[in-house]
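Good morning, colleagues. Please look at the structure as I speak.

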Amino acid sequence: MRKRRPVRPAAIAKNLGALVLAVIFVFPVYWMFSSSLKPGHEILSKDPVFVFTPTLQNFTKATGVDLFWTYVMNSVLVTVSAVLLALLVALAASFAIARMKFRGRKGLVLAVMMAQMAPWEVMVIAMYMIARDAEILNNLLVLSAIYFVMVLPFTIWTLRGFIAAVPVSLEEAAQIDGCTRGQAFRKVIFPLLAPGLMSTSLFGFITAWNEFAMVLILNKDKAAQTLPLWLTQFQTAFGNDWGATMAASSLFALPVLVIFIFLQRKAVGGMTSGAVKG
């Protein structure tokens with residue numbers, strides 16, 4: 001029989017520290033979801049209420065807002081289109097940066113890094129003036145294009161590292177067997193990029209899904225707005241309707257949470273590989 005290794009105090013302290021951090025990060029999410037199921041008087045109670053009778057009244061209020069399903073469709077449209085377009089462009093750009101040598105390659109990498117670090121909020125006024133003068137305000141296609149530009153630098157940077165981690169010998173072997181460079185990429189490299197594609201699409205989705213400032217400034221028409229603005233609508237003459245706000249926040253966070261739970265292993269692997277390889 002195997003001898004059991006003695007439990008080290010350092011390992012116990014490390015696990016306890018991880019547990020404390022997990023509780024600290026998970027508790028706000030738990031409180032949001034639990035508050036969305038509480039009656040109003042229990043949400044505003046001075047003493048925290050942990051045992052209560054769940055109610056769906058708050059979700060009824062949240063989804064009963066005018067144009068709710070329009071907000072949902074707009075968010076899905078601009079987010080998915082921006083992420084898919086960013087993946088298509090970033091695949092070509094990251095492959096060129098990782099595999100090809102050309103004049104200006106280092107400058108292109110530097111430009112991608114600078115674009116990734118730039119705060120997009122400082123460009124809101126300039127984008128508004130351009131959109132106003134071009135008469136393209138309240139346009140979902142314009143919003144999708146802006147989100148695409150916001151997501152693209154991170155996508156290129158991460159996929160570049162992941163492509164660089166794939167041995168060149170695999171691509172060369174495929175070409176020796178008769179594949180063209182495009183066929184070698186499609187049949188050999190692309191299947192190995194699944195973790196990288198999942199991680200970049202996930203974080204691109206989160207970026208576009210949560211974006212607030214651009215749609216607030218560019219899309220004043222409610223029919224062209226997205227879910228982040230829907231979250232600002234739960235105010236009455238008596239103050240905030242916290243039950244409906246928590247229910248709306250839960251519904252807004254649910255898609256990202258579900259996607260992350262299903263893709264977390266692939267996403268974390270893709271993030272670490274894209275960050276340190278190449």
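This is a predicted model: local features need pLDDT of at least 70, side-chain atom pairs count only at pLDDT 80 or more; totals for chains, interfaces and linings use all residues.

Let me begin with a bend: helix H4 has a kink of about 25°, centred on Ala 90. H4 covers residues 68-99.

What does H4 pack against? Its axis and that of helix H10, residues 194-210, come within 9 Å and cross at roughly 140°. H4 is therefore oblique to H10, and the crossing is right-handed. On the H4 side, the contact is made by Ser 75, Val 76, Thr 79, Val 83, Leu 87 and Leu 91. They meet Leu 197, Thr 200, Ser 201, Gly 204, Phe 205, Ala 208 and Trp 209 in H10. By class, the residues of this contact comprise eight nonpolar, five polar and no charged. As a reminder, an α-helix has 3.6 residues a turn, so residues three or four places apart point the same way.

I turn now to a second pair. Helix H5, residues 105-117, and helix H7, residues 140-165, have axes that come within 8 Å and cross at roughly 130°. This pair is therefore oblique, and its crossing is left-handed. From H5, Val 109, Val 112, Met 113, Ala 115 and Gln 116 meet Pro 153, Phe 154, Ile 156 and Trp 157 of H7. The residues of this contact divide into eight nonpolar, one polar and no charged.

Thank you; I welcome your comments.

Key
Residues are numbered from 1 along each chain as its sequence is written. Side-chain values use heavy atoms; hydrogens and water are left out. Axes are lines fitted to C-alpha atoms, for helices over the stretch in contact, and angles run from 0 to 180 degrees between N-to-C directions. Helices (H or I, at least four residues) and strands (E, at least two) are DSSP runs, numbered from the N terminus. Angles under 35 degrees count as roughly parallel, over 145 as roughly antiparallel, 65 to 115 as roughly perpendicular and the rest as oblique. A crossing is left-handed if the near helix is turned anticlockwise from the far one by less than a right angle, and right-handed if clockwise. Contact means heavy atoms within 4.5 Å. Ala, Val, Leu, Ile, Met, Phe, Trp, Tyr, Cys and Pro count as nonpolar, Asp, Glu, Lys and Arg as charged, and the others, Gly among them, as polar. The bend at a residue is the angle between axes fitted to the seven residues ending there and the seven starting there.
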